[in-house]
Amino acid sequence: MPVLGLLFLKYAYGRFKRVEAELLKNRPSRNGRDLPVTQSDFQAKSALFLPREAQYDYLVNLPESIASANICDEEGRQLSKLGDVVNYAMRLIEQQSEHLKGILPKTYDIFSNEILAQLLRIFNNNKLDEVGGDIIGRIYEYFTGKFSKTIADDDGVFFTPKSLVQMIVNIIEPKRGTVLDPACGSGGMFVQSGDFVNNLGMNANSTLTFYGQEKVEFNAHLCLMNMAVHGLNAKIKSGDDANSYSKDAHNLLGQCDFVMANPPFNVNGVKEQTVAGSASARLPFGIPGVNKAGEISNANYLWIQYFYSYLNERGRAGFVMASSATDSQNKDKLIREQLVRSSHVDCLISVANNFFYTLSLPCTLWFFDKDKREENRDKILFIDARNYYTVVDKTLNEWNEWQMRNINAIVWLYRGEKERYKELISTYLMWLNDFMPRYDNAELHPTERTHAAYRDGIAATLDCFKGNLKRHQAALKATRKKKEKDEIKELIAEVEQQVAEITEALEVANQLVWLTDKFGDDGTYRDIPGLCRIASIEDVEAKQFSLTPGAYTGAEEVKDDGVDFTSRMKEIHAELEQLQKQSGEILATIKHNESLIWK
């Protein structure tokens, strides 16, 4: 927790500086001087205000002799230890947000000055400022995955990857009203919802009211830290009072505009008596199967019904669920049939393995909508995205920004929102046309400006630049003169940057081709084998009320244009990884031998 506290400080400071710069752009002046920014200015921007003594650069640049800095705490005591200064910084931040009172760690006096100073320097890395979404939860899960995996796996609890959270938010579009996450963990759903609203030019705290339940106190503290660093307010209940199996802690039955969650999967052992009585009001389709010990055999359909029952008459829900829940049998099947017949099941998306940081299991995203347009009232959109993702490394997959937009575009077409689809195509073309002038290469200016021509031209340019990179690496290995080596190193760094830019452009072009090959430039929806299908309730009934997307989309259609660009992109990333590894090895060898060479 102390290390997470330092990361919280660093991330909060990065957001503080970005908002401060924005506030100072058009700052009003008085008597020729710009007015200073205030705490209320930051609150209006949904950001946490940091007093000077709580700013990361202040702490990381303190002198070795803390006493010489003449720092006094709120009671006027002079501080002589770095740990006491950091504790003071945490107390100052708690004063800025009532939701943080008593939440932040204040045990930094257990560290020596030397160790704490080293930790501050380690995390003084600007890359942390570039990470969006639930950064606190992601880092905590990394810690548990590396050092205490049993914590992450306990009771099916694990944090939700950013791309899954963002997909849920993008599809249910929480623009205003009451938002509930009854299994809120570290608050990733709230953070992404806040970003969604703020990106529309509105203030999240003015348009959304966040409610959360989290039975694990530690996770609830992470949630409050996460909300504070993003300048968001939330009502979070934790501990026994927040056990969602038995309690509606905020009394929100039938009152939520939006419900989002990633509940623990496949939990067994929940006592039937726990969900009887008052809790049964949240089970409109009945209690799932109970074993001889009086326990719910699998809690998945407890959660699914809870999410449904919290919605008001126009509400939307989006949640992550174990893939097995789409066609589980017995009582689950009867509950699922009633859900389907309600006409409120809107969409299901199958997700590939390895989207979670500590688990490899596949999952499905479920979406409810109690206010569907009339044309979709008795229809469900199924998307099988198990073969559509970006490989991050051997154990982790994700959707990149453009893949998320493409999946979202299928939902838009299902909802009849063709204009949004066309706007996305325009965004693609603007991005690519902005990229083109950066590289003076005839391949990038094809006579026939088809999307495939963009893609093929960028791919040819990438091959050319990769060839340049290999030649520079070979020259570096063969050259012995220091001046020439330095020049080649600069060339390698420059070409590596160019290769990265062209690789990104190729991915953008590839995703544009992927989308328009299926739905054209104008966005005419059609069922795509292996990807998407709009099914009627009668179709679902014919399949015994299974909600497994693959059962409806069938096998993927094969289109042979001579190049499999999905495989090609994977090959390109593998090649780049190998090239970067070779560069590193060459530079390490040179560094090791340089003194011998120049003797």
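How many residues does helix H18 have, and how far does it reach from its first C-alpha to its last? In this predicted model, helix H18 spans residues 482–519, which amounts to 38 residues. The distance from its first C-alpha to its last is 56 Å, close to the 56 Å expected at 1.5 Å a residue. Within any such element, an α-helix has 3.6 residues a turn, so residues three or four places apart point the same way. After H18 comes Gly520, which has a positive phi, near 70 degrees.

The strands may be considered next. An open sheet is formed by nine strands, arranged in the order S5-S4-S3-S6-S9-S11-S10-S12-S15, with mixed pairing. At its edges lie strand S5 (234–238) and strand S15 (532–536), each of which pairs on one side only. On average, neighbouring strands of this sheet are turned by 15 degrees against each other, direction ignored.

Strand S6 (residues 256–261) pairs with strand S9 (residues 311–322) in the parallel sense, over five bridges. Phe258 has Arg316, in S9, as its bridge partner.

The cysteines remain to be described. Zero disulfides are present in the structure. Cys184 is in no disulfide: the nearest cysteine sulfur, that of Cys223, is 4.2 Å away, whereas a disulfide requires two cysteine sulfur atoms within 2.5 Å. Is Cys184 buried or exposed? Cys184 has a relative accessible area of 5% and is therefore buried, the cut-off being under 20%. Cys363 is likewise buried, with a relative accessible area of 1%.

Methods
Residues are numbered from 1 along each chain as its sequence is written. This is a predicted model: local features need pLDDT of at least 70, side-chain atom pairs count only at pLDDT 80 or more; totals for chains, interfaces and linings use all residues. Side-chain values use heavy atoms; hydrogens and water are left out. Two strands pair if DSSP finds at least two bridges between them. Helices (H or I, at least four residues) and strands (E, at least two) are DSSP runs, numbered from the N terminus. Axes are lines fitted to C-alpha atoms, for helices over the stretch in contact, and angles run from 0 to 180 degrees between N-to-C directions. Buried means under 20% relative accessible area, exposed over 50%, partly exposed in between (1.4 Å probe, protein chains only). The expected span of a helix is 1.5 Å times one less than its number of residues.
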